[in-house]
Amino acid sequence: MVSRVIPVEDFDLVIFGATGDLAHRKIFPGLFRRFVAGQFPETARIIGAARTAQDDAAFRNEVDRAIREFLPGFGEEARLAEFLALISYVSIDARGINGWDELKGKIRPGVVHAFYFSVAPALFGDIAERLAGHGMADESSRIVVEKPFGRDLASAKALNATLARYFDEKQIYRIDHYLGKETVQNLMAVRFANILFEPLWNAQYVDHVQITVAETVGVGGRGEYYDHSGAIRDMIQNHMMQLLCLIAMEPPYHFDPDAVRDEKLKVIRALEPLKSSEIVRGQYLAGPDGPGYLDDVENTASRTESFVALKLSIANWRWTGTPFYLRTGKRLRARTSEIVITFKEPPHSIFDETEAPKANQLVIKLQPNEGMHLTVMIKEPGPGGMRLVQVPLDMSFADALGQDGTDMPDAYERLIMDVIRGNQTLFMRGDEVEAAWAWTDPIISEWEAGQARPEPYDAGSSGPDEALRLLHRDNRRWREIRS
């Protein structure tokens, strides 16, 4: 199946932090793929902006190297020169005056103006102020800001207020790449475009929900940043909170940005406060593949978690009584992100106890292999009586849609094109961000006020033993972490 490409209108895209890792790994490779797909016109302009002093030619060489490194074997060598011709560069001082007049001179009237803040959040306000001061914050302007959106409720409110001085909420795109994943969007399609699941999508039929985001790598070169953040700030408050909202929200009246985000906000506001018995924190130990967390962050006294598991409850009519279990961590057994909806077992079994049906599960894989499968009970083939066996009904995108991994659009590709379109459905609204911090802050404050250290866990494991007991106490088990 060939995916349909819907072209976007002409635009000028300015990427602040254009010499950084995110721009090299994701933004420029993604833009190149969209260019080759014919999604934006050859009149579009992409302007890199950073402190490094260099000319257009040097920067184009930099982008050329990044695309060759992070899109190996893409096979569109002939189009690369055409793409690079769209790119120019401005050396700019985010907190000073240098480069801003030159940047303004490159911005064309009459086209969409998008400004991607691929920089530290501390620079968001400075850049927004200077864009406004130099007349570039007009009605056609849109800004894209990367997480973290603050580190607590107070800083998130301050950041939102700063951006709001120069841009309307409808012009601010808070990007969370998890929402751009094909399977995450398919979650909404499965729920709201089919009659099959929605009648069962509630506490009467769903036993529990698990969301797992596991990584095999440690904190690596992010040690200093990560030790001031931790797993709950880095993953739970944003990525996993968004996944939770898409699973638990009510059907919006329309697939409209504010309608979808209104329903997500209701979920966050319905979250019950967490008890200490419903939280497990951990730090990975040294293993054959590398040092432990304390060595990685060069802080032997650190009480920052590299793993967290939570049991959440949602206080509304749809979900009261159905627990949601979230876990995320570094240096775990496998790299995987998945959502598992476990339905309740049939209320009465007509079969022998040895052949009792097992619970159906809908497994939604976000990475590394995007797709879904539903486990159902069938009779095992062959003579000899009724023997039940659990089998998956698979829908991997590679098999079902005839697309391999290289054909699947990356989340950043889709999200950047949505910015140009002016579609905010897959972006977080300011009140969503603040509501998530309002729920998360008391948890973090309790940790920081106490003296408890995170539970140690072996690198390459499934996390601390206490995380297993979190479910065992409810007579449940985590799904095994596997790729």
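Arg233 is buried, with a relative accessible area of 11%. In this predicted model, the side chain of Arg233 meets that of Glu448 in a salt bridge, at 3.5 Å from N to O. The pair joins distant parts of the chain, since Arg233 belongs to helix α9 (residues 230–248) and Glu448 to helix α14 (residues 430–449), 215 residues apart. Glu448 counts as partly exposed, at 48% relative accessibility.

The structure holds 37 salt bridges. Among them are the following pairs.

| Pair | N to O distance |
|---|---|
| Arg174 and Glu169 | 2.7 Å |
| Arg233 and Glu448 | 3.5 Å |
| Glu263 and Lys266 | 3.3 Å |

Arg174 is buried at 2% relative accessible area, while Glu169 is partly exposed at 32%. Glu263 and Lys266 both lie in helix α10 (residues 257–269), 3 residues apart, or about one turn of the helix. An α-helix has 3.6 residues a turn, so residues three or four places apart point the same way. Glu263 is buried, at 12%, but Lys266 is exposed, at 51%. A network of salt bridges links Asp258, Arg261, Asp262, Arg429 and Asp431.

Strand β11 (residues 336–343) is largely enclosed by the rest of the structure, because 8 of its 8 residues are buried. Thr336, Glu338, Val340 and Thr342 point one way from β11, and Ser337, Ile339, Ile341 and Phe343 point the other way. β11 pairs in the antiparallel sense with strand β7 (residues 206–214) over 8 bridges and with strand β12 (residues 361–367) over 6 bridges. Ser337 of β11 is the bridge partner of Val213, and Gln367 in β12 is the bridge partner of Ser337.

Definitions and conventions:
Residues numbered from 1 in each chain as written. Predicted model: local features only at pLDDT ≥ 70, side-chain atom pairs only at ≥ 80, totals over all residues. Heavy atoms only, no water. Buried < 20%, exposed > 50% of the residue type's maximum accessible area, 1.4 Å probe, protein only. Helix = DSSP H or I, 4+ residues; strand = E, 2+ residues; numbered from the N terminus. Pairing = 2+ DSSP bridges. Salt bridge = Lys/Arg side-chain N within 4 Å of Asp/Glu carboxyl O.
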